[in-house]
Structure formats: C-alpha cells, structure tokens
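Hi,

Here is the structure I promised to pass on. Have a look at it, and then read my notes below.

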Amino acid sequence: MNRIAVVPGSFDPVTLGHLDVIERAAGLWDEVHVLVVHNPDKSALLPIAQRVALLERSIEDAGIVGNIVVASWSVGLLVDYCTDVGAHVLVKGIRSQVDVAYETPMAIVNRHLAEVDTVFLLPNPANAHVSSSLVRQVSALGGDVSPYVPAAVYDYLQET
C-alpha cells in the first residue's frame with residue numbers, strides 16, 4: 001500500500017521554503033501530491049495554470065526526487081481531493097505561532113470530516129521568514145526576490 005500525502009498551498013508564487021517542505025515530504029511518503037488550491041480570501045498574482053507550471057519546473061530544477069504529482073484543485077473540500085487520491089495525510093509548513101493558530105482548526109476539521117491527519121513541518125531556518133505574500137510585495141515594489149524563490153519564478157517575475 002502506498003503512503004500518499006498531499007502538500008496543499010496557493011503557491012502564489014512558489015518559494016524556496018515551499019520547495020524545502022516538498023523535498024522533505026517526498027522523503028517521508030511514497031507519493032506526494034503538491035496541490036495548488038484556490039484561496040478565495042486572497043487576490044492571486046498568478047493564474048493557477050502558471051503556478052502549476054512554475055511548481056513543476058522548480059521541482060525539476062531543484063532535483064527533488066520522489067513520486068511527485070503536481071495538480072490543482074479549486075472546487076470542493078481539500079479532503080475530497082485526499083479521498084479521491086487515497087491520501088490520509090496533509091503536510092503543511094509552519095513558520096510561526098500565527099501559522100499554528102491558523103492551521104490547527106482546519107487540521108481538526110479535516111481529521112473529523114475524512115480521517116485525514118495533518119503533519120506540520122518546521123522550515124529550514126534560512127527560509128523561516130519567507131512567504132509568498134512577502135515575495136509578491138517585494139517584487140511589486142521592485143525589490144530583489146532572488147534569495148527567496150526558485151530561478152524559474154524569479155525569471156517569470158522579471159518578465160512580467
């Protein structure tokens with residue numbers, strides 16, 4: 001039986017912190033679905049298809065190995081996707097207590113709804129301060145985001 005995990009996120013855009021979590025998840029589970037989800041509470045910078053493409057390229061460029069599937073999900077509950085692919089674990093990167101406070105109620109509900117557990121991974125300290133929101137803001141104001149994002153994302157942001 002394959003142990004399948006889902007790493008969900010908006011990945012708007014994908015950061016080096018995201019790649020760290022994906023790489024570690026790929027080492028812990030037999031199959032990892034990196035799932036770009038629509039967050040109705042956020043105004044997106046990149047269309048979902050572009051986020052998927054940048055994730056695929058960034059994972060490949062980083063040399064992350066494992067059985068990794070990159071997909072998107074915009075309708076229904078996240079646990080519905082988990083049920084569809086046979087995943088019993090969600091993997092979330094946690095940077096601070098704010099993330100813990102935000103993620104804990106959702107983890108409890110996901111466990112209740114579909115017996116899907118949530119595993120929190122702490123970030124590499126070098127990336128603990130990095131978020132997609134920070135990258136979007138710095139990029140919009142003309143700052144250098146190259147220390148925070150994969151080369152494919154940096155190149156894309158420079159072109160737009």
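Predicted model: local features only at pLDDT ≥ 70, side-chain atom pairs only at ≥ 80, totals over all residues.

Residues are numbered from 1 along each chain as its sequence is written, and side-chain values use heavy atoms, with hydrogens and water left out.

Let's start with the pocket. The largest pocket holds about 1,200 Å³ of space. (A pocket here is an open set of points on a 1 Å grid over the protein atoms alone, where a 1.4 Å probe fits, with protein on both sides within 12 Å along at least five of seven lines; lining residues have an atom within 4 Å of a point. The volume is the space filled by probe spheres set on the points, which are joined across faces, edges and corners.) Its lining has 46 residues, and Gly 9, Ser 10, Lys 92, Tyr 102 and Glu 103 lie nearest the centre. Helix H4 (97–114) is among the elements giving two or more residues to that lining, and H4 supplies the largest share, 7 residues. (Helices are DSSP runs of H or I with at least four residues, strands are E runs of at least two, and both are numbered from the N terminus.)

Now the loop between S1 and H1, where you'll find both Phe 11 and Pro 13. Phe 11 has a positive phi, near 50 degrees, without being a glycine. The Asp 12 to Pro 13 peptide bond is cis, with omega near 0 degrees. For context, most residues other than glycine have a negative phi, and most peptide bonds are trans.

On to charges: the whole structure has 8 salt bridges, each a side-chain nitrogen of Lys or Arg within 4 Å of a carboxyl oxygen of Asp or Glu. One of them joins Asp 30 and Arg 3, at 3.6 Å from N to O. Asp 30 sits in the loop between H1 and strand S2 (31–37) and Arg 3 in the segment before S1, so this pair links distant parts of the chain, 27 residues apart.

Cheers
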